[in-house]
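Q: Could we go through this complex together? I would like to begin with how the chains touch.

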Amino acid sequence: MVKYITRRLLGTIPMIVLISIILFTLLQLAPGDPLAGKLDQHADANYIAKLKEDFGLDKPPVEQFFFWAKNFVQGNFGVSFDKKVLVQDLLSERIGKTVFLGIVSLIFTYMIAIPLGILSANKPYSKLDYTLTSASFIGFSMPSFFAGLLLIYLFGFQLGWFPYSGSETEASGYEGLEYLMDRLHHVILPAMTLAIINIAQYNRYVRASVLDAKAQDYTRTARSKGLSESKVLRKHVLRNALIPLVTLFGIDLGLLLSGAIITETIFGFPGVGQLYIQSITTRDYPVVMAITMMTSMAVLIGNLIADILYAFVDPRIKYD
Amino acid sequence: MKKRKIGILSLAVVMGLSVFATACASKSSGDGAKKKSITATMNSTFDGKFNPALYDSIYDAYILDQSFASLWKQDEKLETSIPDLAESWKESEKKDGVTIKLRKDAKWSDGKPLTVDDMIFTWKFIADKEYSGSRFEYVESIKGAKEYHEGKAKEIEGIKRVDDYNLELTFDKSDARDLSTKVWSTPMPKHIFENKPVKTLENDPAVKKAENIVTSGPFTIKEIKAGEFVVLEKNKNFYGAAEGKPKLDQIVWKVLQEDVAIGALKEGKVDMVSRIKPSSFETIKGFKDVELVEDTDLGYQYLGFRTDHPKLADKKVRRAIAYAINREQMVTGLLKGHGTLLSTPVSPKSWAYSKDLDADYSYDPAKAKALLAEAGYKDTNGDGFVEDPAGKPYVLSLEFPKGNQVREQSAKLIREDLEKAGIKIDLKQPKDFAALAETVQQKADKTMEMWLMGWTTDVDPNPKNIYGSAAESNYYRWKSPESDKSISVSMYDQKAFTKEGRKALIKDWTKIFQQDSPVVLLYSQNVIDAYNKRITGVQYDYRGALGHPSFVDWDVK
């Protein structure tokens with residue numbers, strides 16, 4: 001197992017190098033100049049030249065790339081072109097919030113999607129199944145800005161159960177547990193917005209794989225042994241049916257860091273997604289590079305975790 | 001069996017926490033009731049560089065406007081006349097110097113006195129070679145600032161410290177421009193920044209961390225959450241505190257997308273939404289307890305020409321285009337009246353604005369056609385569009401950036417109008433702002449012909465930065481010795497040293513500008529702010545409500 005993990009980890013290095021080269025090239029080719037937005041009538045030629053020099057933009061692209069790569073390996077993500085502050089400071093302010101939002105939304109997703117999927121599969125082609133299927137299609141096709149605004153209107157404005165924006169109460173003076181509760185209270189609506197589309201999708205997967213497992217020989221064998229239906233479902237069907245979900249879980253883990261651009265913007269939730277979209281509009285390449293690299297690495301690691309988990313859920317899989 | 005228990009347990013925990021969280025939060029809402037607090041919103045996130053010499057974003061400026069005092073402020077005519085930190089000042093007759101007297105009761109929010117040393121430190125900071133911001137222009141006029149900037153001098157020659165509260169400035173030369181463009185007027189606390197590295201100051205806690213930022217204005221910065229909110233608290237050391245200013249105890253600035261902000265305003269959850277899109281005006285008008293105010297903004301939108309492009313080099317063609325565009329329709333149709341038609345780059349709000357210049361800048365399609373014919377552009381093949389003097393097809397391209405709805409729509413109107421006048425237009429797909437700006441700025445670019453963009457203008461009417469032949473912002477590549485001479489006269493000639501004299505000189509320049517038409521001025525969108533009527537004492541002008549100097553007198557019912 002250790003050998004397998006080491007091998008896989010080493011295997012990700014060329015991937016990361018490749019991703020960084022492609023990403024850097026794409027950003028170089030994209031139209032737009034990071035300094036273009038800075039120009040107002042007071043920015044004279046000297047000032048622009050000085051900024052270019054400070055940011056290393058006066059050097060050839062290959063040299064810029066190696067400069068960036070050298071710093072990146074040492075854990076230095078550079079200085080934001082737009083805000084002129086260290087990229088790691090910008091990220092560290094936000095990453096915790098994004099991960100928190102992601103985890104809560106994943107909890108919602110799994111807690112709701114799995115039971116719904118099983119319910120559907122238990123009575124396939126029944127009224128309940130059709131209702132859930134229709135609801136899933138609605139959920140799946142609902143754009144997140146709409147879902148977000150709907151939740152804000154209903155639960156934030158009309159019912160007033162949850163805060164309609166932000167990640168914590170302003171000037172609250174909360175500490176300890178109270179602060180944590182305040183954060184949780186704020187994260188529920190955006191997390192739900194993110195979860196809606198996932199729930200719609202995941203309960204389809206669960207339904208399909210439970211149906212599939214139910215038609216297998218081992219399920220028939222279990223039934224003919226005289227086991228109760230609930231035991232068949234728990235011991236024989238579910239365990240096998242949830243294996244495909246592990247793959248999805250791996251991808252989800254990776255995307256935890258990337259943030260949710262639209263949802264974060266609508267809820268004024270200061271996560272990585274909000275910073276990402278802002279950095280793309282202003283062509284703030286160091287920030288875009290850092291976030292994209294971080295996400296790519298997280299997805300690679302998430303996949304590795306998924307592969308390792310397979311060995312636990314499926315005894316047939318062994319890594320040696 | 002075990003797994004199931006864990007599942008149920010975790011479900012119970014999450015549910016329990018949510019309920020608890022709801023209970024907690026509703027309990028606490030009564031806490032701030034005694035404080036006089038208002039909540040204002042900004043559409044997009046602030047950068048968080050809360051230093052007057054270093055900020056770049058307009059959202060940072062919202063916060064700085066309320067937390068840092070300046071020497072002086074501008075009145076509703078855009079003239080620097082309202083005293084703030086400076087008790088009084090006097091410009092020399094030849095406009096080559098100024099004496100400034102500071103008020104003695106001004107303090108920093110940490111209690112240290114604010115003296116001329118803070119102001120001198122700030123000027124030297126901005127003139128420092130290592131300084132990374134863009135404001136050197138506001139110090140450059142002081143005699144010896146350039147030498148200091150280049151490292152040739154240890155002190156700035158033109159600054160003379162008389163005592164703690166008095167100083168004299170000498171300028172490079174006699175210069176008729178407004179004091180605000182010649183003298184940077186917002187001091188930084190010397191005792192905080194004195195021994196810090198100039199180059200990397202953006203990363204210093206004294207710029208970023210609420211507890212380290214020392215301010216001089218009506219409010220101090222109490223709490224900053226990146227991308228989310230800034231809480232401002234009444235500054236007890238503010239010089240106006242003795243008179244009970246500001247009246248509010250707290251201002252919360254929240255980052256909120258406009259649609260949500262308008263909803264929250266309706267529900268009474270926020271008190272003020274600033275810089276509202278004209279299209280939202282009618283929606284908000286119907287809200288109970290909400291007041292809307294608007295005034296002409298200082299910025300404007302324009303249609304730019306590459307005047308060095310062979311297709312646009314003839315000024316008769318450019319004039320024809322100006323006559324052919326129905327700009328009135330943009331203001332009434334697209335802006336729904338929430339804007340002003342513009343015929344001079346000088347703001348209609350300014351003391352230097354001459355209303356009679358509007359006359360020769362109106363919609364006149366017949367005149368447009370006549371001018372085109374005069375320049376040799378005629379429809380020779382009967383397709384309804386003019387051909388160039390050589391008889392070849394004549395098509396002009398028009399580019400515009402994404403992001404401003406009204407501007408995007410105006411591109412289509414311009415095409416319709418110009419095609420009606422017989423000029424075929426190739427309307428390009430909108431580009432990202434950063435992408436279009438890159439091409440507009442490229443000095444070697446030969447691809448662009450016409451584009452749409454906007455300018456934010458200064459308090460002073462001087463056109464040099466935007467329309468001078470040598471200006472970095474002269475994207476239209478308008479080279480006019482006549483205009484340059486006129487600009488120079490309006491800045492440095494003795495006749496310009498009186499207000500009336502300067503106004504006449506600027507009018508002379510504006511005529512040259514209108515005749516040559518390096519751009520077509522389109523419109524100036526209104527600043528629209530909406531606030532809950534529980535706020536009292538609100539005044540507004542071109543700066544909107546929150547930018548108006550009277551905000552220290554705001555109160556809540």
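Q: How many residue pairs are in polar contact between chain B and chain A?
A: The count is 14 residue pairs, both residues at pLDDT 80 or more. Please keep in mind that this is a predicted model.

Q: Where is K84(A) found?
A: K84(A) is in the loop between helix 3 (61-73) and helix 4 (87-122) of chain A. The phi of K84(A) is near 60°, which is a positive value in a residue other than glycine. Most residues other than glycine have a negative phi.

Q: What is the area buried between chain B and chain A?
A: The buried area is about 5,100 Å², and carbon and sulfur atoms give 56% of this area. On the chain B side, E228(B), V260(B) and E472(B) lose the most area to chain A; together they make up 10% of what that side buries.

Q: Changing topic, what is the secondary structure of chain A?
A: Chain A has 13 helices and zero strands. The C-alpha atoms of chain A fill a box of roughly 85 × 55 × 40 Å along the principal axes.

Q: Which residues of chain A does UniProt list as "transmembrane region"?
A: The unreviewed UniProt entry lists residues 9-30, 99-119, 140-164, 184-202, 241-267 and 287-313 of chain A. In the model, residues 99-119 of chain A are 100% helix, with end C-alpha atoms 30 Å apart. Residues 287-313 of chain A are also 100% helix, and the end C-alpha atoms of that span are 38 Å apart.

Q: What domain does UniProt place at residues 95-306 of chain A?
A: The unreviewed entry gives "domain: ABC transmembrane type-1" for that span. Residues 95-306 of chain A are 80% helix and 0% strand, and the end C-alpha atoms lie 22 Å apart.

Q: And which domain is listed for residues 82-473 of chain B?
A: UniProt, again in an unreviewed entry, lists "domain: Solute-binding protein family" there. Over residues 82-473 of chain B the model has 26% helix and 19% strand, with the end C-alpha atoms 31 Å apart.

Q: How do strand 6 and strand 7 of chain B run, parallel or antiparallel?
A: Strand 6 (residues 159-163) and strand 7 (residues 166-170) of chain B run antiparallel, and four bridges join them. These strands of chain B form a hairpin with two residues between them. Within this pairing, K160(B) stands opposite E168(B).

Q: Finally, what kind of peptide bond joins K245(B) and P246(B), cis or trans?
A: The bond is cis, with omega about -10°. P246(B) is in the loop between strand 9 and strand 10 of chain B. Most peptide bonds are trans.

Key
Residues numbered from 1 in each chain as written. Chains lettered and ligands numbered in written order. Predicted model: local features only at pLDDT ≥ 70, side-chain atom pairs only at ≥ 80, totals over all residues. Heavy atoms only, no water. UniProt positions renumbered as here; feature names shortened; annotations may be inferred. Pairing = 2+ DSSP bridges. Buried area = accessible area lost by both parts, 1.4 Å probe. Polar contact = N/O pair within 3.5 Å; in protein donor to acceptor, adjacent residues only side chain to side chain.
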